[in-house]
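Here is a quick tour for anyone meeting this protein for the first time. Have a look at the sequence and the model, then read on.

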Amino acid sequence: MGTTTLQELLALPGPERLELAMSLWQSLDAADQITLKVRPRGASGGDFATFSLRVADAKVLAANERHAQLLGNDPTAWDRFLMQLKSDQAGLAAALLSSPQAPAVLRQSLQCNER
């Protein structure tokens, strides 16, 4: 994308800003973190949600990959596994569901489709 000023970034439509933020996040080193603030269409400027994204280390990424491989392509197995996760394992659930190995039906239901 090249060098962009903050004003140019803020002028982008929301989906494009989010896509840019995700591409920047993918270029971070382990333990780096970015914070996204998103606001629903039509909400006032003070109404937003904050998401902190942190890059996992190689050990965590490898464990996530192993989980995805073990679950295979069976949506039922994925559903059973995800349902048994505890609330403090939301990061694992998000990583698995956004993985290209996740069954298409799950990815589509969460709008994690490939472009």
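Let's start with how the chain meets itself. Contact here means heavy atoms within 4.5 Å. Among contacts between residues at least 6 apart in sequence, 32% join residues at least 24 apart.

A word on the ground rules. This is a predicted model, where local features need pLDDT of at least 70 and side-chain atom pairs count only at pLDDT 80 or more, while totals for chains, interfaces and linings use all residues. Numbering runs from 1 along each chain as its sequence is written, and side-chain values use heavy atoms, with hydrogens and water left out.

Now the overall layout. The protein chain has six helices and two strands, and along the sequence they follow the pattern α-α-β-β-α-α-α-α. Both kinds of element are DSSP runs numbered from the N terminus: helices are H or I with at least four residues, strands are E with at least two. Of the 115 residues, 19% are buried; buried means under 20% relative accessible area, exposed over 50%, and partly exposed in between (1.4 Å probe, protein chains only). The accessible surface comes to about 8700 Å², and carbon and sulfur atoms account for 55% of that. That area comes from the Shrake-Rupley method with a 1.4 Å probe.

Residues 58-71 make up its 14 residues, and it reaches 20 Å from first C-alpha to last, close to the 20 Å expected at 1.5 Å a residue. (The expected span is 1.5 Å times one less than the number of residues.) Asn64, Ala68 and Leu71 are the buried residues of H3. They sit on the same side of H3, because they cover an arc of only 70° around the axis, taken from the directions from the helix axis to the C-beta atoms. On the other side of H3, Ala58, Lys59, Gln69 and Leu70 are exposed. Helix H4 (75-83) and H5 are included in what covers the buried residues.

The two ends of H3 have their own details. At the start, a side-chain oxygen of Asp57 comes to within 3.1 Å of the backbone nitrogen of Lys59. After the helix comes Gly72, with a positive phi near 65°.

What about the nonpolar core? The term covers buried Ala, Val, Leu, Ile, Met, Phe, Trp, Tyr and Cys residues joined through side-chain atoms within 4.5 Å. The largest one has 13 residues, and those with the most contacts inside it are Leu71, Trp78, Phe81, Leu82, Leu85, Leu92 and Leu96. H3, H4 and H5 each supply at least two residues of this core. Leaving out residues up to four places away in sequence, Leu71 touches Ala77, Trp78, Phe81 and Leu96. In soluble globular proteins, nonpolar side chains tend to be buried together.

| Residue | Relative accessibility | Class |
|---|---|---|
| Asn64 | 16% | buried |
| Ser99 | 9% | buried |
| Pro40 | 54% | exposed |

Asn64, in helix H3, touches Leu92, Ala95 and Leu96, not counting residues up to four places away in sequence. Ser99 lies in the loop between helix H5 (90-97) and helix H6 (104-109). Apart from neighbours within four places in sequence, Ser99 is in contact with Ala68 and Arg107.

And where is Pro40? Its place is the loop between strand E1 (33-38) and strand E2 (49-54). Pro40 is 26 residues from Gly14 in sequence, and their C-alpha atoms are 9.4 Å apart in space.

Methods
Polar contact = N/O pair within 3.5 Å; in protein donor to acceptor, adjacent residues only side chain to side chain.
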